[in-house]
Amino acid sequence: MDNRQDTAGTSAPAAYLAGIRDVVVLELKQRLRSRGWYIMLAIWFVLTGVVTWLTWASWNASQAAQEAYGGFPTPEPSGPGSMIFEVVLAFVLLFALLVAPALSANAITGDRSGGTLAILQVTLLEPGQILWGKFFAAWLAALAFLVASAPFLVIGVALGGMTPGHVLVALLMLAVEVGIVCALGVGISALAGRPLFAIVVTYLTVAGLVFGTLISFGLGTGLTQGTVMASNPQYRQYAPLESGPFGPAYTCSGPLREQPALRTERVAWLLGMNPFVVVADAIPYRDRTSQAGFASIGAIEGISQAARQAMAGPDGTVPCANGVVQPTYLGQKSPLWPVGLGLQLALSALLMRLGWRALRTPARKLARGVRIA
Amino acid sequence: MAMISEVPGHPAGPESAGGISARGVSRSFGAVRAVEHMDFHAPAGKVTALIGPNGAGKTTLLLMLASLLAPDEGTISVGGLDPRHDRAEVRKHLGWMPDTLGVWESLTAREILTQMARFYRLPAQGLGGRVSNMLERVRLAGLADQSARVLSRGQQQRLSLARALIHDPSVLLLDEPASGLDPGSRVELRMMLRQLAAEGKAVVVSSHVLSELDEIADGAVFVNKGRTVRQQTTAEAAAAGRRYAVSASDPAALAAKLTELGLVFRRQEGRRPAVTLMLNNDGDAERLLRDLVLAGVGITSFAPATGALEETYMNLEGELQ
């Protein structure tokens with residue numbers, strides 16, 4: 001009886017990791033043998049391709065139209081690469097947020113209703129090994145979707161304007177965001193009694209991160225009435241399309257006076273929890289403080305800028321706050337994404353921890369309606 | 001209610017190293033008290049039947065014995081160890097086959113057993129041979145590389161048994177193992193369980209199909225409404241008397257002879273008319289049959305009407321109402 005267990009010679013952490021690996025293998029074998037996963041992957045690939053092509057085509061069409069009718073100078077000197085990259089990135093993130101709950105939220109409730117969870121629990125596996133194994137399997141399955149969309153992000157680089165660094169950071173952040181959603185899904189799955197309930201709650205949680213953060217930031221801003229000391233800005237002549245340096249169009253004069261302002265920096269962390277903000281803000285954009293032309297800021301970079309303005313608050317955005325000329329473009333000095341990512345990680349860690357408690361055996365308390373086997 | 005008697009004939013009590021026992025365990029789910037102060041002991045080397053009607057608490061007790069569910073009160077001991085403190089050690093000794101057949105449908109039988117062996121941290125070398133032997137033992141070798149989805153219910157049941165046995169546990173807990181099996185597979189299961197007990201394992205079988213338990217169980221624990229009602233060995237159950245059914249080519253002559261012998265009997269109106277009567281032991285049955293044959297009554301059948309355990313079960317049902 002004693003000589004059979006393979007614990008001699010392997011350290012405890014190695015044995016723990018081996019158990020996680022075994023659960024991952026079991027999960028992936030099952031996932032890779034289901035046709036649905038491949039069909040979803042194929043649809044994903046085609047959709048991303050279509051979006052990339054449409055973006056490229058519409059950029060070409062608008063270029064042609066501008067050349068034919070307008071006397072405007074080309075607003076995008078960097079080519080279609082940046083635009084394709086941003087549209088594809090936003091699209092991939094959106095669909096990753098939609099796919100990840102489907103891949104993760106059934107991980108444990110599905111086993112529970114199929115009667116196979118207790119089979120795992122009765123072995124030498126620790127609850128943590130089951131939970132981590134399920135999480136990594138779900139994450140790997142979701143990462144396959146990112147890999148499928150990577151060629152289109154690379155096209156963004158190939159068509160010019162983007163550096164490989166952009167693509168790498170973007171893919172890395174997408175992977176992290178997908179991992180967070182998978183952790184939320186697996187944690188909720190361990191807590192829920194029924195598969196449908198776990199999936200719905202996970203989708204609602206993701207919706208909370210995407211839309212709920214925007215709504216609560218918007219409503220929360222109303223509660224942040226405060227003041228800021230600012231002097232009078234003196235604007236120069238209005239020249240919207242003037243290709244001057246990317247700087248302020250005013251000078252500051254007069255005494256500092258207290259003005260009402262919204263202290264958005266107090267609720268900016270809510271905005272930071274938005275997955276789009278985290279990804280957009282983490283990408284290292286080129287420093288545009290000295291660049292000409294405002295229009296070349298894309299949607300994703302715009303999200304990053306808006307988030308940073310919210311975080312800077314009136315002290316950083318109100319013209320002539322504290323008598324200082326404010327830069328229109330906020331540099332990379334004050335990122336918001338670490339705060340947001342930290343909060344997201346804390347949320348998923350909390351749910352995983354609660355899920356772990358629910359998987360412990362011998363089970364003491366069972367949630368209503370949960371059967372062990 | 002306290003346990004009526006310890007199973008006699010086993011000098012080693014529940015505190016001995018072998019076997020599995022529960023003392024005064026209770027468990028409730030919300031307001032439902034599934035198990036109340038239940039006592040249970042299954043000695044090593046014996047097949048112990050856990051008998052009771054649906055909803056009596058059999059599965060809850062087995063889940064507690066399998067270390068999946070913690071009792072609210074009472075203690076459980078597996079080979080002298082408490083699952084609450086020595087979970088890993090206890091689980092090496094426990095094999096559990098649930099009543100729900102959870103199988104990973106897309107995996108093959110061989111892969112399922114290999115995965116289970118890994119989860120029990122069995123050494124990698126010799127694993128393939130061990131899995132193949134186990135597949136042979138439950139007669140699934142021919143289907144070893146088919147996905148479990150295509151297996152019939154009986155085959156999945158056998159796979160589930162193999163899954164519980166892959167780490168060679170010393171205590172085997174089987175929850176309704178025979179449900180859904182055809183008669184041939186039941187006979188096979190019976191032989192296999194006898195063999196496992198002969199190897200020195202404590203085998204616990206829960207069922208409400210009593211006729212087959214008669215053939216395999218050495219002892220039985222009767223439970224009802226969450227309580228242990230009686231513990232007895234099959235031998236004791238047989239000694240308590242058994243109802244026999246007798247039919248003859250001439251029922252009138254049979255009735256006359258039985259009346260002459262002063263025996264109380266009941267007419268059984270069935271497809272084949274017969275009489276049933278209580279006999280205390282095998283010797284009584286032997287004498288009665290001889291008397292009837294010598295008296296010239298044409299006996300066409302003479303057999304126990306119910307199994308020994310069924311007799312106890314039915315009597316308990318009567319007592320409890």
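A:Pro362 sits in the segment that follows α13 of chain A; helices (H or I, at least four residues) and strands (E, at least two) are DSSP runs, numbered from the N terminus. The peptide bond leading from A:Thr361 into A:Pro362 is cis, with omega near -5°. Most residues other than glycine have a negative phi, and most peptide bonds are trans. Chain B has a backbone feature to look at as well: B:Asp168 is not a glycine, yet its phi is positive, about 50°. You will find B:Asp168 in the loop between α5 (153-165) and β6 (171-175) of chain B.

Before going further, please keep in mind that this is a predicted model, in which local features need pLDDT of at least 70, side-chain atom pairs count only at pLDDT 80 or more, and totals for chains, interfaces and linings use all residues. Residues are numbered from 1 along each chain as its sequence is written, while chains are lettered from A and ligands numbered from 1 in the order in which they are written.

How confident is the predictor? The complex receives an ipTM of 0.82 and a pTM of 0.85. For chain B the mean pLDDT (the predictor's confidence in each residue, from 0 to 100) is 85, and 93% of its residues reach 70 or more. Residues 1-16 of chain B, however, have a pLDDT below 50, and this stretch has 20 contacts in the model beyond near neighbours in sequence. Two residues are in contact if their C-beta atoms, placed from the backbone, lie within 7 Å. Where pLDDT is low, the predicted coordinates should not be read in detail.

Let us return to α13 of chain A. Helix α10 (residues 275-282) of chain A and helix α13 (residues 337-359) of chain A have axes that come within 9 Å and cross at roughly 140°. Axes here are lines fitted to C-alpha atoms, for helices over the stretch in contact, and angles run from 0 to 180 degrees between N-to-C directions. That angle makes α10(A) oblique to α13(A), because angles under 35 degrees count as roughly parallel, over 145 as roughly antiparallel, 65 to 115 as roughly perpendicular and the rest as oblique. On the α10(A) side, A:Val277, A:Val278, A:Asp281 and A:Ala282 meet A:Trp337, A:Gly340 and A:Leu341 of α13(A). By class, this contact has five nonpolar residues, one polar and one charged; Ala, Val, Leu, Ile, Met, Phe, Trp, Tyr, Cys and Pro count as nonpolar, Asp, Glu, Lys and Arg as charged, and the others, Gly among them, as polar.

Now to the place where the chains meet. Chain B brings 31 residues to the contact and chain A brings 30 residues. On the chain B side, α3(B) gives the most, with five residues, and the residues of that side divide into 19 nonpolar, six polar and six charged.

One helix pair joins the two chains here: α1 (residues 12-32) of chain A and α3(B) pack at an angle of about 160°, with their axes 10 Å apart. The angle therefore makes α1(A) roughly antiparallel to α3(B). Here A:Asp22, A:Leu26 and A:Lys29 in α1(A) meet B:Glu111, B:Gln115, B:Arg118 and B:Phe119 in α3(B). The residues of this helix contact comprise two nonpolar, one polar and four charged.

Finally, chain B itself is divided into domain 1 (5-237) and domain 2 (241-320), with bounds that come from an automatic or database domain assignment. Their centres, taken over C-alpha atoms, are separated by 36 Å. Domain 1 of chain B puts 15 residues into the contact and domain 2 of chain B puts in nine residues.
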